Amino acid sequence: MAQTTAVASLSRRRQRFVVLFFVCLFTFGSYFCFDTPGALGSLLERGPMKLSATEFNLLYSVYAWPNVVLVFLGGFFIDTFGSRPCSVVLSLITLIGQLITTTGVFCKSFKLLLVGRFLFGSGSESLNVCQSTIVSHWFQGSELAMAFGFSLTVSRLGSIIAFNILPSYSERFGLSSAFLLGGLLCSVSFVATLCFVYVDRKAEEELNFTMTQIDQGNTSLSNVEHKFSSKAIFPLSFWLGSIAGMSVYAIFFSFIAIGTDLFQREFDVAGSTAGFLVSLIYNVSMFLAPVLGKLLDLYGYRGITIGLAVMLTSLSLHILSNSFHSMNVFHSFSRMQILYSCSIFLGLGLSGISSALWPSLAICVNPQSLATAIGIAQALQNLGTSLTTFFMGIIIDRKGYRQSLRFLEMIGMFSCCVVFVWNILDRFGEDRINKPTEQLEEIEELRQPLALESEIQLQGKLMIVPVTPRVVVLVRQRLLGPRGESGVVRRNYYAKIGIQ
Ligand SMILES: N[C@@H](Cc1c[nH]cn1)C(=O)NCC(=O)O
């Protein structure tokens with residue numbers, strides 16, 4: 001019996017990483033497609049489509065607009081119906097949206113292009129929420145930030161491939177083939193969602209069997225489903241984090257959208273080098289995200305990391321906006337040195353933000369309404385991105401690139417203030433965002449004396465090992481040593497058996 005349980009716990013760990021593999025692929029295709037216009041930049045503006053800066057930026061705005069509402073609904077649906085059916089439906093919407101976008105390019109119809117981007121964005125952003133929710137549920141209490149880091153790495157790979165191969169690919173095979181390639185990668189992501197559904201269902205079936213044996217039927221999954229949608233009150237800390245995310249991501253996505261063109265026009269950089277400079281931001285972030293994630297799990301300092309990242313981002317924009325043709329403020333450096341340094345700084349900034357923000361938000365809220373919370377954060381992020389890209393297009397057409405960078409700098413300063421207030425309020429309030437994951441678990445356990453007692457009464461000397469929020473395995477403590485893995489997951493278990 002002892003051996004069987006040890007083997008079961010090992011296979012759960014393996015299962016977690018198999019799930020992570022497929023879940024990472026969810027957004028591989030959509031990140032490629034999201035960045036396709038940015039990677040093609042001048043080819044869309046000067047090629048057969050002949051888009052103005054306003055029209056070009058509109059491709060990003062229409063991606064983000066519907067999500068101000070839809071992504072919030074998406075989060076709610078995921079909490080209510082579960083991530084399995086939602087991931088499949090959302091992945092399919094993303095794929096169809098990309099195929100319509102491709103048709104728009106093929107027929108040179110800007111309207112169809114917009115309709116496609118709209119539909120693509122509607123699926124893709126909620127798919128992001130679904131991905132974050134699944135990662136949080138499977139990894140909360142153990143390697144959360146690291147798991148987030150891996151999912152970002154694979155997503156970033158999609159963007160990097162877009163920036164590095166699309167300009168030459170589309171010159172060779174045409175613009176519509178470039179968009180069609182995106183459709184192909186979205187199909188890979190769709191297959192990954194089907195594989196996830198299979199693995200997750202299998203895990204749940206195995207668990208049901210284990211739980212029925214141990215709990216003798218006191219573990220109805222429908223209990224948990226019901227509670228998922230019933231707690232949706234979020235603390236101030238969550239809102240501040242979401243506002244910080246909204247403003248700072250708006251800077252990145254707007255800059256990345258115009259980056260290739262900006263470097264070509266204002267810094268006289270060749271097309272392929274310009275694409276490489278922009279993708280450097282993603283490259284840095286791709287390699288750093290899992291490492292930073294591991295460090296954040298171990299040492300905490302998430303809020304401080306976000307603060308430093310926002311400052312670095314604002315500084316890079318300031319340097320860039322003061323390094324245009326005529327400017328000689330940083331004359332001791334060559335133009336290329338400045339551009340490479342700024343791209344690397346922006347990459348470091350993006351790494352800090354994406355690795356620390358999502359786990360911080362997950363820590364701030366009740367796991368039972370996690371998808372709704374991530375949905376709200378993503379909705380705000382889309383609001384920020386849609387407004388910023390829209391105004392950037394207008395500013396570029398009327399006043400030029402330098403003013404548009406100054407506009408982003410102002411948003412950077414606003415973000416610094418929000419992150420500062422967030423850190424201060426958290427420090428004197430719940431004091432969670434800068435704590436290592438292990439200490440968070442201890443705090444959780446201290447807050448649950450009643451539940452702990454109930455556990456002892458119910459289970460004798462049992463501990464709980466996380467698998468998914470709805471999938472919790474009970475393992476005899478003596479097999480795994482004296483430390484429980486997670487207070488948060490413990491709480492999920494109590495929710496499951498009806499103890500609050
Ligand atoms: N909502 C996404 C935005 C996105 C970027 N590329 C494709 N979608 C998001 O929040 N991403 C998080 C990140 O750090 O990129």
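Is F238 buried or exposed in this predicted model? F238 is buried, with a relative accessible area of 0%.

## Aromatic pairs around F238

F238 takes part in an edge-to-face aromatic pair with W239, at 5.3 Å centre to centre and 70° between the planes.

The model holds 22 aromatic pairs. One of them joins F234 and F238: the ring centres are 4.9 Å apart and the planes stand at 40°, so this pair is tilted. F234 counts as buried, at 10% relative accessibility.

## An aromatic cluster

One aromatic cluster is made up of F34, F56, Y60, Y63, F120, Y249, F253 and W358.

## The largest nonpolar core

The largest nonpolar core has 124 residues, and the members that touch the most others are L44, F196, F255 and F263. Helix α12, residues 236-267, is the element that gives the most to this core, with 16 residues.

For F263, contacts beyond four places in sequence include F255, V269, A274, L277 and V278. L320, L339, D268 and S343 are also in contact with F263.

## A nonpolar patch on the surface

On the surface, V291, L295, L298, Y299, Y301, I304, L308 and M311 form a nonpolar patch, with about 820 Å² of accessible area together. Helix α13 gives the most, with four residues.

I304 is found in helix α14. The relative accessible area of I304 is 41%, so this residue counts as partly exposed.

Conventions: Residues are numbered from 1 along each chain as its sequence is written. This is a predicted model: local features need pLDDT of at least 70, side-chain atom pairs count only at pLDDT 80 or more; totals for chains, interfaces and linings use all residues. Side-chain values use heavy atoms; hydrogens and water are left out. Patches are made of residues with over 30% relative accessible area and no salt bridge: like charges are joined within 9 Å, nonpolar side chains (Val, Leu, Ile, Met, Phe, Trp, Tyr) within 5 Å. Accessible areas come from the Shrake-Rupley method with a 1.4 Å probe; for residues, only the protein chains shown count as cover. A salt bridge is a side-chain nitrogen of Lys or Arg within 4 Å of a carboxyl oxygen of Asp or Glu. Helices (H or I, at least four residues) and strands (E, at least two) are DSSP runs, numbered from the N terminus. Buried means under 20% relative accessible area, exposed over 50%, partly exposed in between (1.4 Å probe, protein chains only). A nonpolar core is a set of buried Ala, Val, Leu, Ile, Met, Phe, Trp, Tyr and Cys residues joined through side-chain atoms within 4.5 Å. Contact means heavy atoms within 4.5 Å. Rings of Phe, Tyr and Trp (its six-membered ring) pair if their centres lie within 6.5 Å; planes under 30 degrees apart count as stacked, over 60 as edge-to-face and the rest as tilted.
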